[in-house]
Amino acid sequence: MEKIKLIIDGKEIEAEKGTTILRCAKDNGIEIPTLCYHENVALYGACGICTVEAEGMPKLLRACSQKVQEGMVIHTDSERVKKSRKIALELLMSDHTGDCLGPCRLNCPAGTDCQGYIKLIAEGKFREAVELIKEKLPLPASIGRVCPHPCETACRRQMVEEPISIAYLKAFAADKDLEENTFLPEIGGNTGKKVAIIGGGPAGLTAAYFLRIKGHSVTIFDAMPQMGGMLRYGIPEYRLPKKVLDKEIALIESLGIEMKNNVKIGKDISFGQLRNDFDAVVVAIGAWNSLSVRCKGDNLDGVMGGIDFLQKVALKENIEIGKKVAVVGGGNTAMDAARTARRLGAEEVYVIYRRTKNEMPAEEIEIEEAEEEGIIFKFLTNPDEITGNNGKVNGIKLQVMELGEPDSSGRRSPVAVEGKFENIEVDSVIMAIGQKVNVAGFEDIELNSKGIISADERTFRTNIENVFAVGDATNRGASIAIAAIGEAEKASKVIDGYLLGMEIPYRKPFVSEKEVTPEMFAEKEKLPRAKMPVRSVEERIKSFDEVNLGFREEDAVREASRCLECGCHDYKECKLIEYANWYDIHPERFKGEKNVHETERKLVSIERNNEKCILCSLCVRTCDEVVKKGILGLVGRGFRTTIKPEFEGNEILNFCKECGKCAEVCPTGALKIL
Amino acid sequence: MKIAVGQGSCGIAAGSMKVYNELEKFLEDKSSLTITGCIGMCFLEPVVDIYDDEDKLHRLVKVKPEDCELIARAVKENNFSLIENITISREDEEFLEKQTRIALRNCGKINPEIIDDYIKNGGYEAIKKVLAGMSPEDVIEEIKVSGLAGRGGAGFPTWFKWNAARNSKGEEKYLICNADEGDPGAFMDRAIIESDPHTLIEGMLIGAYAIGAKECIVYVRAEYPLAIIRLENAIKQAEEKGFIGKNILGTDFTCTFRIKAGAGAFVCGEETALIESLEGERGMPRLKPPFPAEAGYWLKPSNINNVETFANVAWIILNSGEKFSTMGTENSKGTKVFALTGKIRRGGLVEIPMGKTLRDVIFDIGGGIKNNGKFKAVQLGGPSGGCIPEEYLDTVIDYKELSATGAIMGSGGMVVMDENTCMVNMAKFFLDFTTKESCGKCVHCRIGTKRMYEILERIVSGNGKEGDIELLEELCMGIKDGALCGLGQTAPNPVLTTIKYFRDEYVAHITDKRCPAKECTALLKYTINEDKCVGCSLCSKKCPVNAISGEIKKHFTIDTEKCIKCGQCQSVCRFGAVEIN
């Protein structure tokens with residue numbers, strides 16, 4: 001064969017005459033994207049994604065068909081090429097209807113593959129489920145118990161009746177896995193790089209887990225006597241038993257992560273020292289200081305912060321709270337504090353909240369269970385003064401409030417009703433209205449206007465060269481654990497890149513999303529959500545035993561099988577979404593009419609969703625040229641073109657042997673083998 | 001004496017059949033009555049040509065059936081002053097006199113249904129000359145010297161394609177004529193087939209000889225039924241005379257002809273889509289390479305030219321390529337036929353040498369704008385072409401020069417627009433055409449043209465957004481770069497050229513929500529001028545939605561909320577009181 005020479009992307013290449021640019025590039029390790037080319041069928045040229053630029057040629061060339069020529073200088077990634085591919089992908093996406101990912105996964109701050117592990121649980125594959133969860137979240141048993149589950153908030157099953165019990169299913173699978181044959185990830189080869197992680201809470205543990213998997217040597221420094229951070233010291237035992245947390249932390253430690261407790265930065269070791277000793281430092285110190293309401297009497301003996309209170313309980317320190325306790329705040333910490341106070345023997349526990357129940361940020365189940373446990377809610381009240389006797393709290397004067405205009409958060413803001421007050425007698429007051437970051441010991445680190453560590457949202461870098469920061473201590477301050485975990489997981493990828501000298505900032509992936517209405521689910525059979533069995537109220541208030549008793553296996557499996565499987569079955573293999581993410585696409589620029597099709601199941605084993613079809617015709621051509629059946633054809637013209645049985649006939653389907661070759665070559669999720 | 005009634009589709013549409021029947025009734029010597037094709041003066045149809053005994057031509061125009069009795073008398077008495085009022089004016093005669101006709105040389109002169117008429121006018125002499133002593137290479141060389149380029153749009157050198165097909169390996173080769181003329185506003189190919197089918201046949205025979213093809217196929221759109229009938233008839237007659245078939249004119253050259261009626265998809269004018277259609281497949285373009293010269297019809301070497309291209313071939317062989325090449329510019333040789341339509345005073349077919357200017361065609365030959373209107377722009381090349389504004393009217397007709405304006409020579413459609421044409425709406429019109437004619441194969445054309453259309457649609461309906469012009473431009477460039485075939489690659493041209501030359505009109509629609517040409521109804525507001533209104537109430541009676549109210553003899557007002565902008569009030573008002581803002 002005659003050889004010719006050419007240059008592709010600056011690389012001198014020798015190729016056989018008659019080879020296409022696409023083939024030649026591939027042979028030399030340069031991937032040119034294409035959606036309609038397949039080696040088993042004749043050239044087609046529909047997608048226009050494989051275009052490349054050749055010097056001296058005015059038009060872009062289709063790499064799939066253009067043959068290499070002597071002396072050609074080809075650019076596969078020039079600006080013009082990128083622009084052309086980007087527009088092609090934007091146009092395709094503008095007429096592509098479907099959900100790449102389910103709303104559960106999209107709404108999870110850590111991007112856990114809820115639909116994926118729910119399906120595995122439904123199939124009884126609990127270990128596989130845990131394996132999948134741990135691609136994003138190394139503490140599923142703990143988080144499954146305490147997460148306010150934004151996934152469930154987004155779950156589409158509620159358009160039928162109620163959301164899937166995603167969080168508890170996760171805890172169920174993780175518990176199973178902890179019992180025996182526990183999943184452990186593979187650890188990559190030693191990179192020789194050292195990472196220090198400051199803070200052993202959910203963010204720190206997650207960063208450690210993923211960085212260790214990448215083969216780096218990881219040390220966690222934590223100021224507290226044990227690892228776990230807020231999961232241990234902020235969340236009461238009855239919600240997350242310490243032994244569960246211990247097991248999960250032990251697993252992480254077993255990967256070869258060094259864990260150093262009782263180390264305070266700036267006291268036991270200097271921040272500068274760490275920066276010198278390690279290749280990268282991750283600051284994941286959380287937000288451990290309680291905010292105060294700042295009213296008269298807030299310095300009296302018997303007034304304490306919610307976080308401080310919970311921490312002391314976790315440390316089994318002796319605390320006097322008396323028989324009557326007021327907890328100020330409406331979040332989960334307030335609920336935790338109130339219910340903990342009840343368990344410590346308080347007979348009257350009040351929750352002072354300045355709005356109404358509807359506005360409470362705490363989870364509904366927490367409020368419900370608190371009510372069951374006899375917590376008294378004082379809605380529309382706000383502490384005006386904490387009264388005392390001999391420097392010790394003896395009561396609280398409450399300003400009565402009403403709801404006014406909605407504020408920036410959309411919640412109606414509370415306004416004082418002038419002159420209207422209420423007094424209650426209490427022995428202690430717990431302020432659970434928020435947390436703030438304590439940056440003592442991190443003097444060089446840049447803070448934002450709120451005194452929170454400033455970290456880049458895409459690189460997680462701080463102002464200091466090798467220092468990264470994640471979690472509650474950064475940017476917007478305290479949030480939920482899964483958010484900190486999500487940041488840590490993303491940061492671990494960036495840091496891994498940084499350590500290996502090829503840092504790639506995090507970019508939110510582009511996904512296709514479909515608009516849905518409850519009417520679309522009108523035909524679905526209603527299957528009620530599995531109820532978590534709980535301990536009786538009497539039992540509950542007497543001890544710190546876990547309230548939830550856990551799902552039985554058959555209940556878990558049944559619950560998991562309620563999943564509507566909103567996300568595309570083909571997401572991982574979909575070439576369309578892969579390429580869409582190669583370029584920074586914005587299909588909304590071309591928002592317009594979309595073709596609407598019913599999902600077809602004319603065949604027993606193959607489902608066709610033309611709303612996801614990109615008309616590459618690979619199915620048509622494969623059936624025609626490879627299978628030699630010619631069952632499929634293009635119908636209609638222009639924007640209305642669709643793929644159907646040839647001539648829209650149903651009789652022709654009788655020739656289909658359901659070999660599934662059409663679905664195999666489909667580059668998107670339009671065809672599904674059932 | 002010969003009386004020929006013009007019976008091209010256009011003449012028939014104007015009533016020439018009736019005229020023919022009436023003449024047959026009144027003429028004494030019925031044998032003198034005959035038909036002819038289209039002379040190309042659409043604005044004067046029906047046309048009746050009378051050649052008197054001295055063979056002097058008396059051309060009668062806009063002939064009505066009721067004129068026929070008098071015509072018969074004039075013929076009988078040899079007194080043509082009787083019909084002076086329907087005789088063509090001196091001014092209109094210039095329409096033809098200023099043309100140079102090669103491709104249209106026989107159109108409107110001979111009877112297209114009689115082969116002998118063609119032969120009498122030098123027909124089939126060229127193929128005789130070729131078979132008598134020219135090698136295929138000689139023929140290709142002659143065409144090369146002539147500089148003839150494809151008249152269908154792209155302007156690719158004809159000899160090059162012929163040569164490539166000739167040099168392609170394989171015994172079985174095909175010569176195909178693209179008579180799928182799909183551009184709205186172009187009709188020269190139809191006129192040639194209807195008026196002079198043998199010119200096409202002869203040109204194709206020469207082409208087939210040159211490339212070594214034994215079969216000629218004419219792909220005619222089914223919407224041209226008369227063309228198909230006349231061509232079928234012509235093929236039959238040529239077979240009978242031995243110009244088609246085995247051992248033509250006693251030589252080794254064998255060539256058959258057949259017609260394929262196309263189902264009328266614009267994209268089938270694209271050569272590879274045409275081939276797919278010929279093979280019985282869905283009309284969708286193929287990837288090039290391979291080009292048809294290498295692997296075309298049934299993957300055999302094939303050559304495709306359009307009707308007008310072939311119509312020049314016999315003339316070139318007889319008159320020499322050199323003579324052909326003396327006409328035109330350095331880059332574009334010979335003549336080009338244009339179909340002049342729109343707001344033009346004298347519309348029809350115009351064949352002129354390359355190198356003339358657009359102004360020559362539109363003003364000198366076409367007589368300028370109808371009803372003394374003001375010229376605004378001319379759309380060249382149909383939906384694949386672009387518009388050219390007044391300041392470029394002196395652009396010479398030349399493939400390169402025209403492309404430099406953003407328009408294209410195309411197949412020769414020339415749609416003239418006056419100041420009442422909204423250029424955004426015009427672009428939308430063509431995009432509507434291309435989206436409907438897109439075959440749906442490639443992404444850029446299938447979705448891209450649709451999105452372009454949607455953006456234009458929102459602009460003309462008053463919902464345009466800042467940034468829409470830039471978005472259109474970006475989309476246009478993307479489609480030009482990415483579309484698979486000529487249809488998609490050229491579809492953005494009407495948009496790009498209107499943006500280039502009439503950007504302010506786009507801005508007026510988007511920013512001021514105003515249509516300067518007062519064509520986009522959504523942006524119009526009808527009002528009644530108090531000073532002019534006499535309170536006759538006619539408008540309010542005509543208004544279909546009761547949007548106009550007022551007191552008799554006082555003035556009336558239009559409720560703009562109710563108004564549907566149908567314009568009836570304006571057309572009935574005798575005082576010019578209804579105004580559009």
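A residue counts as buried if 20 or more other C-beta atoms lie within 10 Å of its own. The views below show a predicted model.

**View 1. Strand S13 of chain A is largely enclosed by the rest of the structure.** Strand S13(A) spans residues 348-353, and five of its six residues are buried. The strand is therefore largely enclosed by the rest of the structure. As background, side chains in a regular strand alternate between the two faces of the sheet.

**View 2. Strands S12(A) and S13(A) pair in the parallel sense.** Strand S12(A) comprises residues 324-328, and five bridges join S12(A) to S13(A). At one of the bridges, Lys324(A) has Glu348(A) of S13(A) as its partner. Between the two strands the chain passes through helix H14(A), residues 332-343, and this β-α-β crossover is right-handed.

**View 3. Strands S13(A) and S14(A) also pair in the parallel sense.** Strand S14(A) covers residues 376-379, and four bridges connect S13(A) with S14(A). Tyr353(A) has Phe379(A), in S14(A), as its bridge partner. Together with helix H15(A), residues 364-372, the strands S13(A) and S14(A) form a right-handed β-α-β unit.

**View 4. Chain A and chain B meet in a contact between residues of both chains.** Chain A contributes 29 residues to this contact, and chain B contributes 24 residues. Helix H2 of chain A (residues 79-94) supplies seven residues, the largest share of the side of chain A that touches chain B. That side of chain A consists of 13 nonpolar, ten polar and six charged residues.

**View 5. Chain B contains both helices and strands.** Its secondary structure amounts to 23 helices and 17 strands. Chain B has a radius of gyration of 26 Å, close to the 25 Å that the globule rule gives for 581 residues, so chain B is as compact as a globular protein of that length. Along the principal axes, the C-alpha atoms of chain B fill a box of roughly 90 × 65 × 40 Å. Of the 581 residues in chain B, 56% are buried.

**View 6. Domain 2 and domain 4 of chain B are in contact.** The domain assignment of chain B includes domain 2 (115-325) and domain 4 (423-510). The centres of domain 2 and domain 4 of chain B, taken over C-alpha atoms, are 34 Å apart. Nine residues from domain 2 of chain B and eight residues from domain 4 of chain B take part in the contact. On the side of domain 2 of chain B that touches domain 4 of chain B, seven residues are nonpolar, one is polar and one is charged.

Technical notes:
Residues numbered from 1 in each chain as written. Chains lettered and ligands numbered in written order. Predicted model: local features only at pLDDT ≥ 70, side-chain atom pairs only at ≥ 80, totals over all residues. Rg over C-alpha atoms; globule rule 2.2 N^0.38 Å. Buried ≥ 20, exposed ≤ 12 C-beta atoms within 10 Å, placed from the backbone. Contact = placed C-beta atoms within 7 Å. Nonpolar A, V, L, I, M, F, W, Y, C, P; charged D, E, K, R; others polar. Domains from an automatic or database assignment. Pairing = 2+ DSSP bridges. Right-handed = clockwise from strand over helix to strand, strands pointing away.
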